[in-house]
Amino acid sequence: MTRTVEDEHTYDVVVIGAGPVGENVVDRVRAGGLTAAIVESELIGGECSYWACMPSKALLRPAIARSDARKVAGLRESVYGPLDAMEVLAHRDKVVGHWKDEGQVDWLDSVGVRIFRGHGRLLGPRRVEVAGPEGERHVLAARHAVAVCTGTRPLLPELPGLPGAHPWTSREATSSDRVPERLVVVGGGVVGVEMATAWQALGSKVTLLVRGGGLLPRMEPFLGEHVAAALGTRGADIRTGAVVTAVVRDGGGGPVTVVLEGGDHVEGDEVLFATGRKPRTEDIGLETVGLTPGSWLDVDDTLRVTGSDWLYAVGDVNHRALMTHQGKYQARIAGAAIAARARGDASLDTGRWGAHAATADHAAVPQVVFSDPEAASVGLTLADAERAGHRVRAVDLDMRQVAGAGLYAQGYRGHARMVVDLDREVVLGAAFVGPGIGELLHSATVAVTGEVPIARLWHAVPAYPTLSEAWLRLLEAYRG
């Protein structure tokens, strides 16, 4: 029986969605002296903690560590056996807390945030209804702001036979308790590449079906080329220009057949569709405030929804930069902006790189793909910079020219690129591919975010012999 709560709970800020983004919003508004409540229908900690970032990296770390060890003299013979798949999966389970959220709950309690379990939806301006798991109902009123931090869910194409085939999405791919003998992966983006890497290392025979011409299409082309070459060398079957037209799985169990345009087909024991994401906004009451259910939410650089003075959309749901770390960055900006407006500050610092502006969403989004080799980028690609009208020059480097690369791994293969704005002589973007390359990215992020002049970068001396000497070689190539 539904129990109606007669009195409304009133807080300064109400957040719908308790993933990393929502957690950071409430943390920042609490730091600003405001009261806050957070609503969550699943596990506190959200997608990243249980079905995305954390479990995927737990699966990938043994694969990458073994691959690196095989390139080190005196060590390679010790690591040529298979991974202990059951131990890897058990460690993954530990990393995600066995899909229990007590630790996250304790943290929210420690910062004074009230948790409401259940499905949250808007009831109109500054009001949120929570339908609890046992039929209870709460109504929450927000004095200053409501923040939608509901994130995204996998987008599956409309294909004959797909619903009955029970395909894997990113959730099943990161939480499976067994290794499929044959795995078909549809999609050549980050999720497809990382999961192909992980499950191939754990023993699956992987077929990767890519609709376009290569992997990681939103990054510099050479990153996907290096990753594809390495996956192919290890036995993956990568098919570009592959258009899936149907999926067949009799009775929902047993082998699955993926039918391709032209009549070809691929068989596997599981099929993973990594074909995009859609916003989780279809049933959160957007229609009660004049917005379209199921839509992405447009925001300004303070993360406030266009046309509203109280509604914020933070993280993946605004479609600006669909990465956990970027959503947490937005949450810090949004929290500061909400607190400042609640104090009645006459003006916010919303200029470029201001305290209340998520400028990095446009100019300096960092991303690491934990493939083997790793791929990493920040800022604009060469093509993006040219489309934006910048007068630019790309400076490229074969990472074998860096002494530290040869020490890191025998037969090291990798590449780096720096995109320079010729008018201002600052770095607009950088991209790297190679073993261990992810740890180079933050220095690039600092250079792009800080708009550090090339002349000043000459004084940032990389330690010898590290992979970071790539910066020196890039600067030398730029100067000639």
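Select threonine 197 and the residues around it. Threonine 197 touches Leu60, Leu231, Ser371 and Asp372, where contact means heavy atoms within 4.5 Å and residues up to four places away in sequence are not counted. This is a predicted model, so local features need pLDDT of at least 70 and side-chain atom pairs count only at pLDDT 80 or more, while totals for chains, interfaces and linings use all residues. Residues are numbered from 1 along each chain as its sequence is written, and side-chain values use heavy atoms, with hydrogens and water left out.

Stay on threonine 197. It sits in helix 7 (residues 190-201). Helices (H or I, at least four residues) and strands (E, at least two) are DSSP runs, numbered from the N terminus. Threonine 197 counts as buried because its relative accessibility is 5%. Buried means under 20% relative accessible area, exposed over 50%, and partly exposed in between (1.4 Å probe, protein chains only).

Next, select alanine 334. Helix 9 (residues 324-342) holds it. At 0% relative accessibility, alanine 334 is buried. Its contacts, leaving aside neighbours within four places in sequence, are Thr302, Leu303, Tyr312 and Val314. Alanine 334 and lysine 94 are 32 Å apart, C-alpha to C-alpha, and 240 residues apart in sequence.

Move to helix 3 (residues 53-69) and helix 4 (residues 85-95). Their axes come within 9 Å and cross at roughly 150 degrees. Axes here are lines fitted to C-alpha atoms over the stretch in contact, and angles run from 0 to 180 degrees between N-to-C directions. Show the side chains. Helix 3 contributes Met54, Pro55, Ala58, Leu59 and Pro62, and helix 4 contributes Val88, Leu89, His91, Arg92 and Val95.

Now the rings. Five aromatic pairs are counted, a pair being rings of Phe, Tyr and Trp (its six-membered ring) with centres within 6.5 Å; planes under 30 degrees apart are stacked, over 60 edge-to-face, the rest tilted. Select phenylalanine 432 and tryptophan 471. Their ring centres are 6.2 Å apart and their planes stand at 65 degrees, so the pair is edge-to-face. Phenylalanine 432 belongs to strand 22 (residues 426-434) and tryptophan 471 to helix 15 (residues 470-479), so the pair ties together parts 39 residues apart in sequence. Both phenylalanine 432 and tryptophan 471 are buried.

Last stop: tryptophan 51. Arginine 171 lies over its face, 3.7 Å from the ring centre. A charge sits over a ring if NZ of Lys or CZ of Arg is within 6 Å of the ring centre and within 35 degrees of the ring normal.
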